[in-house]
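Trainee: I would like to learn how to read a structure, feature by feature. Please show me the general idea each time, then the case at hand.

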Protein chains: 2
Amino acid sequence: MKQFIVIGHLARTDGDFSLNDMPGGAGRMDVLCRCINSSFFLSHDLRRDAECYLVLLGEPDPKKTILFRGDSLRYLSPDERSAGSLIKKALALPCDEEFRESTPGVFVRRGGLEELLTECTPVLLDEGGTDIRDMEELPSAYLLSDHHNFSESETAITNHLPRVSVGPTVLHADHTITVVLNEMDRREKSSE
Amino acid sequence: MKQFIVIGHLARTDGDFSLNDMPGGAGRMDVLCRCINSSFFLSHDLRRDAECYLVLLGEPDPKKTILFRGDSLRYLSPDERSAGSLIKKALALPCDEEFRESTPGVFVRRGGLEELLTECTPVLLDEGGTDIRDMEELPSAYLLSDHHNFSESETAITNHLPRVSVGPTVLHADHTITVVLNEMDRREKSSE
């Protein structure tokens, strides 16, 4: 299983945003939509062994986590609006501490990074980290931030995590996911 | 200079499409918008040494080529609608065989791949090609297709081009550009 966790520091936590204004009114939801695209899409196929967690911290009802699971995901197209529309549907659902499915392969629950870190131990993508190409074994879970840096409280609970870099240039979160998956694809192929 | 050429086989050639329906009515213009994003965006910066050519072959007025130049590009945000809106503005301009600037860093002209191939010699991104990591020197120009394969007539005029692969898995065009740029970033850094 390949897992990506992306923090959306301003991302709205109700479904009441316009698909025509995801960078603005939806709190840079467009960043998260692109992370969904890069986590799952292959040419004419989906990565069935991937999961992407979106941690939404914006108003009016933080924190919520939306999970996209490749093994059961349906109705997702590559464009930003498609992911945005599935996120809207998930956010329209009343939610508690357990994941509830809104559309096939998309789930929502109350809670954020702290809860996720009790369930998995990701590495933190960071330009100062170990180069992913130099790692003997690739981690299966990766933590990224949107256009904002990790907050102080996030840094406090992630300080112990190993840091991994995808190269000398600081990239957008979705581009970073693409580069990580390319390295995973290459390792899998060479171990076949 | 880093150059990417992307063929949009169905992409509309007038500005009369809705930003709300780029995958449908605009002929998969969303694919091309994502290629613009991956060609230029760095975290809090733009790649000023990149150019991306979009070859639009759809109705009602093919063929047209739109050029985005990083060195003078303005008003581009990472979301698909932003690139789509700059493309609409370019397509609203009357055009002939010379590039004409529609907004800073965005140009349009009549003509397609055949004209471009008299001006540069790209490599063709193809899963059967030489692994980019194994190349002694990286090419500066890369030719990609949207969600459709190259047509017969495109294949006829590109058959002589070297073929390069970014890994064992067939990726979307925008993801491919991201992986190519990551390899370029690494080479540049190691030659500093």
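Mentor: Start with a single residue and place it in its element. This is a predicted model, and in it A:Thr178 lies in helix H5 of chain A, which covers residues 173-190.

Trainee: Is A:Thr178 buried or exposed?

Mentor: Compare the relative accessible area with the cut-off: under 20% means buried. A:Thr178 has 6%, so it is buried.

Trainee: Which residues is A:Thr178 in contact with, leaving aside its neighbours within four places in sequence?

Mentor: In its own chain there is A:Ser38, and from chain B there are B:His175, B:Thr178 and B:Val179.

Trainee: That brings in the other chain. How can chain A be laid on chain B?

Mentor: A turn of 180 degrees with a shift of 0.0 Å along the axis does it, and the RMSD is 0.0 Å. The two copies are therefore related as by a two-fold rotation axis. In chain A, the C-alpha nearest that axis belongs to A:Val179, at 2.9 Å.

Trainee: Next, salt bridges. What is the general idea?

Mentor: Side chains of opposite charge can pair when their charged atoms come close. For this structure, a search over all chains finds 36 salt bridges. One of them is formed by B:Arg133 and A:Glu183, with the closest N and O atoms 2.6 Å apart.

Trainee: Where do the two partners of this pair sit?

Mentor: The pair crosses between chains. B:Arg133 is in the loop between strands S8 (123-131) and S9 (141-145) of chain B, while A:Glu183 is in helix H5 of chain A. As for accessibility, B:Arg133 is partly exposed at 25%, whereas A:Glu183 is buried at 5%.

Trainee: Which residue forms a salt bridge with A:Glu192?

Mentor: The partner is A:Lys189, and the closest N and O atoms are 3.6 Å apart. To judge its surroundings, read the accessibility of each side separately. A:Glu192 counts as exposed, with 75%. A:Lys189, with 49%, counts as partly exposed.

Trainee: And what does B:Arg47 pair with?

Mentor: B:Arg47 forms a salt bridge with B:Asp185, where the closest N and O atoms are 2.9 Å apart. This pair links distant parts of the chain, 138 residues apart. B:Arg47 is in the loop between strand S3 (45-46) and strand S4 (50-56), and B:Asp185 is in helix H5 of chain B.

Trainee: Which residues are joined into one network by salt bridges that share partners?

Mentor: The network holds A:Arg28, A:Asp30, A:Arg34, A:Glu80 and A:Asp174.

Trainee: Last, how do I read an annotation from a record? What does the UniProt annotation say about A:Leu125?

Mentor: State where it comes from, then look at the residue itself. An unreviewed UniProt entry gives the annotation "binding site", which covers A:Leu125. In the model, A:Leu125 is found in strand S8 of chain A, residues 123-131. It is buried, with a relative accessible area of 13%.

Trainee: Which residues does A:Leu125 touch, not counting those up to four places away in sequence?

Mentor: A:Leu125 touches A:Tyr142, A:Leu143 and A:Leu144, along with A:Val164, A:Val166, A:Thr176 and A:Val180.

Technical notes:
Residues numbered from 1 in each chain as written. Chains lettered and ligands numbered in written order. Predicted model: local features only at pLDDT ≥ 70, side-chain atom pairs only at ≥ 80, totals over all residues. Heavy atoms only, no water. Least-squares fit on C-alpha atoms with pLDDT ≥ 70 in both. Helix = DSSP H or I, 4+ residues; strand = E, 2+ residues; numbered from the N terminus. Buried < 20%, exposed > 50% of the residue type's maximum accessible area, 1.4 Å probe, protein only. Contact = heavy atoms within 4.5 Å. Salt bridge = Lys/Arg side-chain N within 4 Å of Asp/Glu carboxyl O. UniProt positions renumbered as here; feature names shortened; annotations may be inferred.
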